[in-house]
Amino acid sequence: MSTLLQSLVNALNLGGLYALYALGMAMVFGILRLVNFAHSSLIMAGGYTLVFTAGLPLIVRLVLTVAVCVALALVLELVAFRGVRAAAPETMLVTSFAVSMLLASLAESLFGALPRSTDVDPVFRESWTFGQVYLPKINVVTVIVVAVLIGGLGLFLTRTPAGLRMRAAAEDFSTARLLGVAADRVISLAFAISGVLAAAAAVLLLGANGSVTPTFGVNAVLFGLIAAVVGGLSSLRGAVVGGFVLGGASQVLQEVLPVALTPFRDALLFAAVFCLLVVRPGGLIRSGQGVRV
Amino acid sequence: MVDPLLSVRGLTVRYGSVTALHGVDLDVHQGELVSLVGPNGAGKSSTLAAVSGLVRPAAGTVTVAGDMVSGLAPERVVRHGVALVPEGRKIFTSLTVAENLALGATIRRDAAGVAADLERQLDRFPILRDRCSQQAGLLSGGEQQQLAIARALMSRPRLLLLDEPSLGLAPRLVDLVFETVAQLRREGLTIVLVEQNATRAVELADRTSILRSGRIVRSGTAEELGGGAAMAAEYLGGAEVGS
């Protein structure tokens, strides 16, 4: 019972993180059909912001991190993606690769290739222990933060006029524009939201790892993309479901695999993803009519 | 004579190396119903797409009430009072009927006026009132067409562009669409109607322009064109869809 609870929290923690990465990418993909690898740059920028604001009160650091991630997301949209918006999806994909590599190189020349460490908050290194159950506080915080963000995003999309315009644009961009939905604004908003999600990812990742490198966020974005594809890339609900399925599966593998095989956990996980996509190429949640949130 | 509400001059539309429209001129006056007919690929939909901003014309101008709208993005054109009911209806199938209608009023800020207009459209299309909270993708084709028209009207347009509104509908629903268009004209709305059902379109319209291979080959009233059926036989080879 106690280990079950511990595994459950771990699975939720991992799944929540994957869902967070997947949502950040699905947000932009839903509107622009752009697989935004530069999402990793946003997470990295958030990580370095936390490093360079060490010593300031936590709330100030969090606000600055969100501000930097959102500002960078908006600048990237304006500078890198607006010009290729009408281009083929491959062009946008390559652009996003280029942006992500450019910013990683920039970070390396500015801050060095070595990890830079910081403590987001000492609390994040503590754990609760109940008898046999060992719960890192960061895992609980992650689950709560992800739940609040997903719930907030869901409310925004379903209860506000701006959210309605985003859902319309995600389903049929040109018809939404015909009705007066401003393309630039809705795309900027999607990038801004992905910036907020990237900032949360940066805080939670750094809270757990303690250090940031120029490639910080690259793995996260890979897992996020896989989670989003598992769920069905153009649906936000799919991104969340995909994230938790991937996290849950990863945790199950961790528990049941013999010790000798645990290094191959991710390889087995991706093999399972591969099989899933052979059976259901559209992902778990069909991205056709009626499933987009 | 007063200036036309819609004035199109020398409108040319190209898709890559294919020229869909070769310098089309078209005037539509306040309160008029003008139909555009012609065979498939004649440039009817391209004309509406260029007027509404969906495609950027290669040459030519479009003015609405004297304001130049050619080259503007669709979200800007709609703010000049132009609403398009697109071919294939293009309703948002994942959203509810009410949400589709709310999106039709995206450009408006007068909440009270929007609420009043919503009531008017729900009175006009009672089936939509019953289905308000349903997902629009579950509606039948005829209901989706009514929703598409109601959604366009929610912007309170000065000029309504209808692209093939009767396409693919059962005869009873084709009647409903034509009755709706006639009713909207009686209410004083200025309308451009693109139809493959040429006979009925010509007879309903004040004036008709016949498009062929991207050019207007003839314009006039139903009498001037020798009656809808005769015109259809002469210019469209009698091939009509949905009549």
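Student: Over residues 12–38 of chain A, what percentage of the chain is helix?

Tutor: This is a predicted model. The UniProt annotation "transmembrane region", from an unreviewed entry, covers residues 12–38 of chain A among other spans. The end C-alpha atoms of 12–38 are 26 Å apart, and strand makes up 0%. Helix accounts for 78%.

Student: How far apart are the end C-alpha atoms of residues 267–285 of chain A?

Tutor: Residues 267–285 also fall under the "transmembrane region" annotation of the unreviewed UniProt entry. The span is 68% helix and 0% strand. Its end C-alpha atoms lie apart by 23 Å.

Student: Is V62(B) buried or exposed?

Tutor: V62(B) sits in strand β4 of chain B, residues 59–64. Beyond four places in sequence, its contacts include V8(B), L11(B) and V69(B). A residue needs 20 or more C-beta neighbours within 10 Å to count as buried. V62(B) has 25 inside 10 Å, so V62(B) is buried.

Student: How far apart in space are V62(B) and T96(B), C-alpha to C-alpha?

Tutor: In sequence, V62(B) and T96(B) are 34 residues apart. In space, their C-alpha atoms are separated by 34 Å.

Student: Which element gives the largest share of the side of chain B that touches chain A?

Tutor: On chain B, 23 residues are in contact with 18 residues of chain A. Helices α2 (74–77) and α3 (97–104) of chain B each supply at least two residues of that side. The largest share is 4 residues, and the element supplying them is α3(B).

Student: How many residues of that side of chain B are nonpolar?

Tutor: The side of chain B that touches chain A has 8 polar and 4 charged residues. The nonpolar residues there number 11.

Conventions: Residues numbered from 1 in each chain as written. Chains lettered and ligands numbered in written order. Predicted model: local features only at pLDDT ≥ 70, side-chain atom pairs only at ≥ 80, totals over all residues. Buried ≥ 20, exposed ≤ 12 C-beta atoms within 10 Å, placed from the backbone. Contact = placed C-beta atoms within 7 Å. UniProt positions renumbered as here; feature names shortened; annotations may be inferred. Nonpolar A, V, L, I, M, F, W, Y, C, P; charged D, E, K, R; others polar.
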